[in-house]
Amino acid sequence: MKTQFGPFVFDSTVQLLAREGQEVPLPPRVLGVLDVLAGRPGQIVSKQELIETVWKDAFVSDTSLAEAISFLRQALGDDPQQPSYIQTVHRRGYRFLPRAVDAPLAPAPVVASPGRDVWLGVVPWAVAVVLAAVAASVLWRLAHPDALVVLPMARFQVDLPAGLALDESAPAVAMSADGSRIAFTACGADGCRIFIRDLGETTARAVQGTQGGSQPFLSSDGAQLGFFADGKLKKIAVSGDTPAVVADVRQPLGAVWLDDGSIVSAASPTGGLGGLSRVSAEGGAPSTMLDVDAPAGELALAWPDALPGGGGILATALMGPGEAAPTRIVAISFPARERKTVMERASFARFVPPSTIVFVQDGGLMAAAFDVSQLKIVSQPVAVGPRVSASAPQFAVSRVGSAVVVPASAGGSEPLAWRSRDGSLTPVPTPFRLASPSLSRDGRLVTALTRDEARADVWSIDVERGALSRLTFEGDHRSPIWSADGLTVVFSSRAHGPFNLFARPVDAAASHRITTASHHQVPGSVSPDGRVAYTEFDPGTSEDIWTVPMAGGQPSPFVKTPFDESSPAFSPDGRWLAYQSNESNRWEIYARPSSGAGAAVSISAGGGTSPVWSHDGRTIFYSGPTGVAAVAVAACGTSERCDLLPSRPTILVRGAWMPRGETPDGRVLVEAIRDRGAAATSMIVTLQWTRELQRLVPPAVVSSPK
């Protein structure tokens, strides 16, 4: 007996499934399940009956049946949330949907001639058959009100409230599992907070209690909102209330709420950058779920997402410090804790049922078929959407195949600008896109990175004349800075494993290694006497500040605490070292005597990162929440133990800018933290996106269930 459904034909006599004439290879147990279900369309078949019929005398559990159903759905390209063929009936069993089975074609009547008398006899019977079919359809629909209706794919725009723009410092959108609700972080003149937009409503509403929150995510039932604020992982009802603290997390890189009520966050339980940790949504002590692979050069794991049925987690591995660092997608299975690398040079993977992952690669939104049982991609990736921000991708998916995407805005043509004393901004023309620029003390030269697919090289650029000098030709490099005399560039480099410190005189042909360590190191500043202050990323203590002679020698810790300290900057006279620390549960700027004697002085107010000193040493510039801030500092004398006396911060440049140095004539070099395109004020929502993915993505070649 043959059963036809969609593009498939199943021949129960020979136990063969074909798609458009081509055999679809299936294991015998899976074919047995299909035989039972397809032979009884519309009827609920219990799990026990399926097990007894297909496995007969073999002793198996419900898990074997669930694996067979999952395998069958993957082969058919069927979505368990919106099935076309096999429907799960909660606590009862499975049902082969009658609407999936095509009506058999009746044999054509044999007639002598197409005369009028013949049609007079046929038409009444044809009408009767049609009416009977309609009546049967209506009766079946009334008898099966729970059957799913196939809805069309729809795409529409959701606008943010007036005066607000999407937070672009981190992924800022989330979608509920059922696709009916969107959460997003939006920022305005009074700061950032999280909003909820129910797709059944026409407007978004702010969630009270989420001021300063970021990186939202929703519980499985969509009733609870998780987010990060004030160095904490928090949760709150979507209706708004007093938020509850779940755990301390000082450097969050995303989280996902699992069906069992636990939350997996991308931060080590001890704080700072690291692996994945797991904590009950009710609070408690987090436990380490997955550590970084430090020998392979991993710095941190980020942006976790759950695989179906509690089967594991997808995450992004950051393979080094800095914005130009490569990434890879990794997966971990439960409960075996098996870890695999899924794809290199890709990030922000999201699973879309039944068997697809969507991810970002070089700013493009890509998708590929994914075999959950093997934790591997089983088709060629294809583009499935608009370009998104590579540094903070703004997209989310639901379990029912809906999606929300924020296309990347057109970036500004010049990432660097001079801020003059009169407050005006003048773009700095550069021949190519630069990363991590550093201004020499005389204000003439900028050293920066240029990046291709495999590496980043160090260049020196005369910003007045536009002359270029290439300083590195092989390897992978990060964070170049000038020595105080402008004759040497210090940078991080690696061939394999971690980034360590190197120095290269501009008039020499080769670099020399300054340090050797098993952890990533990034230079921050060089003192007039030739000491290099750098950040070391130790998985045990997170980010610490060390110093080492530029000529080489024994490194020594400068600030090493349970908190995170980075971005060190020597004052021009070498007496002070400014840096950023999250000891207050958010990044702030501090300064302390470079001798190590004396307490730290608080410089910023309301948050700050990336400090640099003015040319005369009387001002500290930093990147604050609303732009580049300046704090005048005056020493109370010449004693080494004399404290700085900081003033109130003033804003020099508003927007997402970072200071990179000051020239002797008072111009401040600033870098756009992100491409200066128009701030995103809307999102694109797609319903039934699974259908488009099934059309674009090649079908999965899946492994056999046990």
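Please keep in mind that the model is predicted. In total, the structure holds 11 aromatic pairs, and the count of disulfides comes to 1.

**Aromatic rings around Tyr85**

- A pair of aromatic rings is described by the distance of the centres and the angle of the planes.
- The ring centres of Phe5 and Tyr85 are 5.3 Å apart with the planes at 70°, and because planes over 60 degrees apart count as edge-to-face, this pair is edge-to-face.
- Phe5 belongs to strand S1 (residues 2-5), while Tyr85 sits in the loop between helix H3 (62-76) and strand S6 (86-89), so their pair ties together parts that lie 80 residues apart in sequence.
- Phe5 counts as buried, with a relative accessibility of 0%.
- Tyr85 also counts as buried, at 11% relative accessibility.
- Phe8 forms an aromatic pair with Tyr85 as well, and this one is edge-to-face, with 5.9 Å from centre to centre and 90° between the planes.
- Here too the pair links distant parts of the chain, as Phe8 is in strand S2 (residues 8-11) and Tyr85 is in the loop between H3 and S6, 77 residues apart.
- Phe8 is buried, and its relative accessible area is 0%.
- Together with Phe96, the residues Phe5, Phe8 and Tyr85 form one aromatic cluster.

**Charges over rings**

- At 5.3 Å from the ring centre of Phe334, Arg278 lies over the face of that ring.
- Over the ring of Phe348 sits the charged end of Arg350, 4.0 Å from the ring's centre.

- Strands of a sheet pair through backbone hydrogen bonds, either parallel or antiparallel.
- Strand S32 (residues 403-405) and strand S58 (residues 682-687) run antiparallel and are joined by 3 bridges.
- Val405 has Ile684 in S58 as its bridge partner.

**The disulfide**

- Cys187 is joined to Cys192 by a disulfide, with 1.9 Å from S to S.
- The torsion about the S-S bond of Cys187 and Cys192 is about 105°, so this disulfide is right-handed.
- Cys187 has a relative accessible area of 19%, and because buried means under 20%, Cys187 is buried.
- Cys192, at 26% relative accessibility, counts as partly exposed.

- Leu501 has its place in strand S41 (residues 500-505).
- With a relative accessible area of 0%, Leu501 is buried.
- Along the chain, Leu501 and Arg513 are 12 residues apart, and their C-alpha atoms are separated by 6.1 Å.
- Not counting residues up to four places away in sequence, Leu501 touches a set of residues that includes Phe491, Ser492, Arg513, Ile514 and Thr515.
- Also among the residues that Leu501 touches are Gln521, Val522, Pro523, Val532, Tyr534 and Val548.

Terms used
Residues numbered from 1 in each chain as written. Predicted model: local features only at pLDDT ≥ 70, side-chain atom pairs only at ≥ 80, totals over all residues. Heavy atoms only, no water. Phe/Tyr/Trp six-rings, centres within 6.5 Å; stacked < 30°, edge-to-face > 60°. Helix = DSSP H or I, 4+ residues; strand = E, 2+ residues; numbered from the N terminus. Buried < 20%, exposed > 50% of the residue type's maximum accessible area, 1.4 Å probe, protein only. Lys NZ or Arg CZ within 6 Å of the ring centre and 35° of its normal. Pairing = 2+ DSSP bridges. Disulfide = S-S within 2.5 Å. Contact = heavy atoms within 4.5 Å.
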